[in-house]
Amino acid sequence: MAPYDTPAPLAPIGPDKPTDTQLAVGADKPESLSDGALVAEIYNKYDVRRQMRRPYEVQWYLNASALRGFPDVRWNQELSRLEMKREPAHRKRHRINHIKPKYVARVAKYTKVPPNPTVIPATTDRTDIFNARASQKMLEYFTRKGNMRAKYMQAMQWVPLTGKAFWWFRYDADKVAYAPTKLDGRREPILGEVELDYGSAFEFLPADPGIELLCDQPEIMRARLIPVKDLEKNHPNAGPIATESTSADLFFYQRQIADLGTRQQGMASRSVQYTLDDQSGGYALQIETFTKPCALYPQGRYVIVAGQKLLKRQDTLPGDFQYVHTNPYPCVEFTDDIAPGQFWPDAFVERLVGLASEYNEYRSKMSENMAMHFFPKLMVSKQLNLDPGAYTSEAGERLDINTIPGVPAPSFLQPANVIGDAWNILNTIRREMDDITLIYPSAVGGTGGANSGFQTNLLQEAADQVHGPAIGRNAMALEEAYIKIRHLMKTCYNIPRLITIAGRNNIPEVYEFSSDQVDEQADVRIEPDTMMPMLRSVRVDMICGMYGDGLFGDQKDPNTRKRVMDMIRMGYSDFEVDREQRDQEQAQFENIRMVKGEDLLKPMVWENHQIHWEAHVDLFKSPEASEWPSEVMVKYAWHAIIHLSYIDQEAALKMSGEFGLRDQLQELLDLQKPPAPPPPPPQPAPPAPPGMEAPPMQGPPQGDPNAGPPPIPPELMESLAAQLPEMPMPQPPQMMG
């Protein structure tokens with residue numbers, strides 16, 4: 001299958017089917033060019049646009065060389081290679097790389113927080129809310145499984161070199177999907193997955209270099225060297241494809257950059273390339289042309305050529321992204337700093353190449369000057385006939401010379417002391433690097449000129465703010481990327497897939513996801529503040545201080561505590577908030593089942609009944625509930641009353657009486673009461689006096705729990721009194737018959 005083959009576009013979204021008067025049919029279908037004429041047109045455009053991009057390519061090579069620590073190289077146009085400046089053997093040459101730390105600091109600032117989308121529902125409808133939440137779960141799952149974080153870091157690493165980097169989107173119908181499907185109770189693999197590919201600036205050819213944004217380009221090209229065997233496999237109807245010259249082609253920019261700093265520059269990777277050519281059967285230049293929708297092509301145009309052959313042509317752009325975004329191309333651009341009126345801006349490293357070269361030049365000359373101060377030149381007149389090897393660096397050495405009247409004695413030629421000025425120049429260059437890159441010592445943990453921790457925090461905050469425009473552009477690019485990924489999911493995820501997400505305490509959460517749950521009207525947002533590496537600890541301390549002062553309300557109020565926890569929740573989930581969200585999700589899910597007329601489960605004791613009660617009461621006030629039949633309303637009210645019984649039993653009994661459910665609720669409450677304690681066991685009789693036999697124990701009659709102990713016989717009382725005359729015995733009370 002071709003790289004960008006996708007199913008047919010979806011029908012327009014709307015309550016009614018559009019009529020003929022609503023369809024855009026004003027443009028006539030253009031006359032199709034012959035295959036030969038179309039191939040010639042594509043190659044002519046490629047030659048022109050490639051020629052316009054060559055000066056930028058040379059600068060990108062120089063930028064890559066400077067990042068490697070060689071800012072003083074030059075480009076040899078005849079040999080198409082980078083060459084270092086040759087120096088005499090006696091000259092010192094320092095290569096101190098001050099560009100790499102600035103580059104690392106910049107990449108670290110932009111990749112500290114990985115991309116994380118937030119899907120906002122289009123309406124307040126509960127179905128839309130749950131579909132938006134399901135879409136967000138799927139995008140988060142694809143962010144990990146699709147390796148988006150690594151590709152985002154790769155793009156951020158290339159942007160400082162070439163000024164721009166690109167992501168390309170496609171649907172691969174032959175790839176095993178990241179998420180399986182469930183078939184007959186078992187998980188089975190499924191074919192077809194959305195793919196995201198990184199593309200460098202060396203592959204991209206815009207139609208007009210004077211248009212600064214990708215979405216405004218009338219046409220773009222993506223040119224890559226592809227193995228011939230892969231091309232013939234992807235396009236079997238095209239027949240055999242001719243192998244083009246590859247080893248000497250400038251398009252192998254990897255070879256130019258990979259050999260930087262090596263002794264045999266341009267030879268090591270070239271020999272590897274010959275091996276790859278033998279294994280792959282050669283390479284051919286594949287040119288993909290994307291034409292923006294216009295009067296001539298209302299749905300756009302997509303053409304693939306390679307080896308002077310037409311491999312594919314269609315009068316629609318792949319993915320049909322023109323329906324969901326202003327950028328109709330299956331591509332997203334990441335840019336450094338926008339240059340008005342130029343598609344290719346000056347890169348981050350490009351601004352430092354001249355300063356880095358100047359710094360190393362002065363640094364090398366300083367070393368030579370210091371060496372001359374340590375070992376100055378010795379001036380000797382030829383008449384003295386001093387042996388050439390007499391003067392060495394050995395301490396206490398004796399020199400024998402022939403003195404001649406009128407001829408000066410040997411003397412040292414001491415160079416001028418320029419060390420102070422040289423150090424000032426080097427410090428000036430370092431400060432200029434800070435000013436150009438906007439990365440100061442305080443931004444990377446250095447103290448700079450600050451003398452307190454609070455001042456350092458302010459400097460770091462200010463240093464991060466200046467990168468806000470670039471970070472904001474990256475956030476918009478990520479939003480566009482997620483919108484296009486979601487559109488491909490909506491179009492191609494026809495079979496439900498099981499996605500697994502690690503939840504709280506690494507407990508897996510399994511969701512079933514399909515295209516029916518994708519709401520393309522929902523908004524996808526990447527907050528730039530979540531990507532900007534600001535000192536959030538300062539704001540957290542401020543919020544906690546305001547909470548401690550009672551500015552948000554009563555500290556013991558759970559709603560106040562929840563509000564404060566939501567404010568300080570920046571990029572991570574809190575346990576308490578997450579727990580309440582689980583109950584809210586469950587309550588909303590029950591409301592959806594009520595709207596659909598489905599049965600509900602009995603409320604359980606471990607649920608947050610207050611949240612469930614408030615959510616259900618809110619539904620009972622809605623227009624949907626007013627249309628329910630009386631028996632349906634009683635059934636769902638019974639569910640809510642059970643929740644209320646856990647909160648306030650008296651209120652639940654009062655409300656259950658209004659629906660005729662008081663007896664059922666009373667039975668349920670009786671079951672919740674603890675059982676009555678068992679009766680106490682019978683006490684044993686006191687021991688009998690000597691010579692007396694204890695009467696047998698007689699319990700109360702069976703079946704009469706209120707009967708007391710039996711009366712004592714008078715004969716027993718008289719005998720006891722006769723034996724114990726010193727102990728007065730009270731008379732027994734008169735027993736009621």
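The structure is a predicted model, in which local features need pLDDT of at least 70 and side-chain atom pairs count only at pLDDT 80 or more, while totals for chains, interfaces and linings use all residues. Residues are numbered from 1 along each chain as its sequence is written, and side-chain values use heavy atoms, with hydrogens and water left out.

The chain has an average pLDDT of 77, with 74% of the residues scoring at least 70. Confidence is highest in β8, at 95, and lowest in helix α7 (residues 268-280), at a mean of 50; helices (H or I, at least four residues) and strands (E, at least two) are DSSP runs, numbered from the N terminus.

Glu203 is located in the loop between β7 (191-199) and β8 (204-206). With a relative accessible area of 13%, Glu203 is buried, where buried means under 20% relative accessible area, exposed over 50%, and partly exposed in between (1.4 Å probe, protein chains only). Its side chain makes a polar contact with the side chain of Arg222 (3.3 Å), a polar contact being a pair of N or O atoms within 3.5 Å of which, within protein, one must be able to donate a hydrogen and the other to accept it, residues adjacent in sequence counting only if both atoms are side-chain atoms.

Gly36, in helix α1 (residues 35-68), is exposed, with a relative accessible area of 51%. Gly36 and Gln308 lie 272 residues apart in sequence, and their C-alpha atoms are 8.8 Å apart in space.

Note on methods:
pLDDT is the predictor's confidence in each residue, from 0 to 100.
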